[in-house]
Amino acid sequence: MTERRNYRYKSFSMFERTTRYRWIAIQAQKYLDQTPAGTQTSLDVENFLDAYEANPPGGDAPNKRLSTEELLQIINFRPTNDLDLHVIVPNIDERLTEDEQQQLFTLIQTHLPPPPTSSAANLRSAVSGSTVVPSAAEPSNSKDLAKAAGAAPPAATR
């Protein structure tokens with residue numbers, strides 16, 4: 001199995017691997033720009049976490065504090081309604097009262113920027129994992145990848 005994996009890895013030239021990685025990075029950046037995380041800066045995230053640590057909703061009770069994973073998801077998805085928050089934080093009704101949930105929303109709205117105003121349909125298709133048909137401007141093979149990278153296309157090998 002390892003030999004086969006190494007063969008597949010070596011079958012691509014260094015140029016092809018580099019252009020594919022660059023294309024993946026560009027696509028990842030495009031996706032992130034469409035999500036709520038795309039409008040945030042590291043300072044926004046630090047301010048939100050500092051405000052949460054200074055005055056966590058529900059106080060310092062261990063069963064009411066949000067986990068690191070829950071905070072990360074709140075930062076990434078920036079919930080705007082109760083349903084979003086219920087998806088991110090399991091058993092939130094048992095952990096936080098209505099007032100504490102409202103306090104958490106206030107922290108989110110105060111310290112994290114609003115989500116981008118991009119098309120909701122594009123975001124839903126990106127989140128759901130549905131197939132996105134590449135546009136004519138997006139590279140689809142190694143020659144197109146080479147053009148996008150600004151280099152000569154790889155020579156045909158036999």
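Helices (H or I, at least four residues) and strands (E, at least two) are DSSP runs, numbered from the N terminus. The model is predicted, and local features need pLDDT of at least 70, side-chain atom pairs count only at pLDDT 80 or more, and totals for chains, interfaces and linings use all residues. Residues are numbered from 1 along each chain as its sequence is written, and side-chain values use heavy atoms, with hydrogens and water left out.

**View 1. Overview of the protein chain.** The protein chain has nine helices and zero strands, in the order α-α-α-α-α-α-α-α-α along the sequence. Of its 158 residues, 25% count as buried (buried means under 20% relative accessible area, exposed over 50%, partly exposed in between, with a 1.4 Å probe and protein chains only). Where contacts (heavy atoms within 4.5 Å) link residues at least 6 apart in sequence, 65% of them join residues at least 24 apart.

**View 2. Lys64 in the loop between H3 and H4.** Lys64 sits in the loop that runs between H3 and H4. Its side chain makes a polar contact with the side chain of Glu100, at 3.4 Å. A polar contact is a pair of N or O atoms within 3.5 Å; within protein, one must be able to donate a hydrogen and the other to accept it, and residues adjacent in sequence count only if both atoms are side-chain atoms. Leaving aside residues up to four places away in sequence, Lys64 touches Pro57, Gly58, Arg95, Leu96 and Glu100.

**View 3. Packing of H3 on H4.** The axes of H3 (residues 42-54) and H4 (residues 68-77) come within 11 Å and cross at roughly 135 degrees. H3 is therefore oblique to H4. Axes are lines fitted to C-alpha atoms, for helices over the stretch in contact, and angles run from 0 to 180 degrees between N-to-C directions; angles under 35 degrees count as roughly parallel, over 145 as roughly antiparallel, 65 to 115 as roughly perpendicular and the rest as oblique. Val45, Phe48, Leu49 and Tyr52 of H3 make the contact with Leu71, Ile74 and Ile75 of H4. By class, this contact of H3 with H4 has seven nonpolar, no polar and no charged residues (Ala, Val, Leu, Ile, Met, Phe, Trp, Tyr, Cys and Pro count as nonpolar, Asp, Glu, Lys and Arg as charged, and the others, Gly among them, as polar).

**View 4. Packing of H3 on H7.** H3 and H7 (residues 98-111) pack at about 150 degrees, their axes 9 Å apart. H3 is therefore roughly antiparallel to H7. This crossing of H3 and H7 is right-handed. From H3, Asp44, Asn47, Phe48, Ala51 and Tyr52 meet Leu107, Ile108 and His111 in H7. The contact of H3 with H7 has five nonpolar, two polar and one charged residues.

**View 5. Asp82 in H5.** Asp82 belongs to H5 (residues 82-88) and is partly exposed, because its relative accessible area is 42%. Beyond residues up to four places away in sequence, Asp82 touches Gln101 and Phe105.

**View 6. Thr35 in the loop between H2 and H3.** Thr35 lies in the loop joining H2 (14-34) and H3. Thr35 counts as buried, because its relative accessibility is 6%. A polar atom of the Thr35 side chain lies 2.8 Å from the backbone oxygen of Leu32.

Key
Left-handed = near helix turned anticlockwise from the far one by under 90°.
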